[in-house]
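Take a look at the picture before reading on.

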Amino acid sequence: MKVTIYDDKWSILHTFFGFVSGLVGLGWLAFIAYTIYEFIEYMWKSDRFPGDMIEFLVGLAISELVKEVLVVLRYIHVWV
C-alpha cells in the first residue's frame, strides 16, 4: 500500500490542527476525535486516511518537540 502525504490543499491544516492540539494539551484526546472523524469522513476513500493521520501526527510531534525545547531553554536559563 502506498501512503501519500501532503497530497491536497487540506494537508497543511491537518498538520496545523495536530500542532495546535498538542500545544493546548489536548493532543491525544484530539487525536482520538480526529481519527474517528477521518474514519467516518473517508471510510470509502481508505487510501487518503493513512496519509491524513501521518500529517496530523507530524503536527503533534512538532508541538511536543517545541514544548520540550522551551522547557530545556527555561531550565538552562534558570541555571545560567
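The report below goes from the overall layout to single residues.

## What kind of model this is

This is a predicted model, in which local features need pLDDT of at least 70, side-chain atom pairs count only at pLDDT 80 or more, and totals for chains, interfaces and linings use all residues. Residues are numbered from 1 along each chain as its sequence is written, and side-chain values use heavy atoms, with hydrogens and water left out.

The score called pLDDT is the predictor's confidence in each residue, from 0 to 100. Averaged over the chain, pLDDT is 82, and 89% of the residues score at least 70. Helix H1 (residues 11-24) has the highest mean pLDDT among the elements, 88, while helix H2 (residues 27-41) has the lowest, 80. A word of care for any model: where pLDDT is low, the predicted coordinates should not be read in detail.

## The overall layout

How many helices and strands does the chain have? The secondary structure comes to three helices and zero strands, and from the N terminus on the order is α-α-α. Helices (H or I, at least four residues) and strands (E, at least two) are DSSP runs, numbered from the N terminus.

The chain has 80 residues, of which 25% count as buried. Buried means under 20% relative accessible area, exposed means over 50%, and partly exposed lies in between (1.4 Å probe, protein chains only). Contact means heavy atoms within 4.5 Å. Among contacts between residues at least 6 apart in sequence, 71% join residues at least 24 apart.

## How H1 and H2 pack

Two packed helices are described by the angle between their axes and the distance between the axes. Here the axes of H1 and H2 come within 8 Å and cross at roughly 150°. That makes the two helices, H1 and H2, roughly antiparallel. The axes are lines fitted to C-alpha atoms, for helices over the stretch in contact, and the angles run from 0 to 180 degrees between N-to-C directions. Angles under 35 degrees count as roughly parallel, over 145 as roughly antiparallel, 65 to 115 as roughly perpendicular and the rest as oblique.

The crossing of H1 and H2 is right-handed. A crossing gets that name if the near helix is turned clockwise from the far one by less than a right angle, and is left-handed if anticlockwise. Which residues meet here? From H1 come His 14, Phe 17, Ser 21 and Gly 22, and from H2 come Gly 27, Ala 30, Tyr 34 and Glu 38.

## The salt bridge

A salt bridge is a side-chain nitrogen of Lys or Arg within 4 Å of a carboxyl oxygen of Asp or Glu. Side chains of opposite charge can pair when their charged atoms come close. The structure holds one salt bridge: Lys 67 pairs with Glu 64, and their closest N and O atoms are 3.3 Å apart.

Where do these partners sit? Lys 67 and Glu 64 are three residues apart in helix H3 (residues 49-79), so about one helical turn separates them. Lys 67 is partly exposed at 28% relative accessible area, and Glu 64 is also partly exposed, at 33%.

Is Ala 30 buried or exposed? Ala 30, in helix H2, is buried with a relative accessible area of 12%. Leaving out residues up to four places away in sequence, Ala 30 touches Phe 17, Ser 21 and Phe 56. Ala 30 and Gly 18 are twelve residues apart in sequence, with their C-alpha atoms 7.9 Å apart.

Helix H3 holds Pro 50 and Leu 57. Pro 50 is buried at 18% relative accessibility, and it touches Met 1 and Val 3, not counting residues up to four places away in sequence. Leu 57 is partly exposed at 33% and, by that kind of count, touches Trp 28 and Phe 31. Tyr 6 has a phi near 55°, a positive value in a residue other than glycine, and is partly exposed, with a relative accessible area of 38%.
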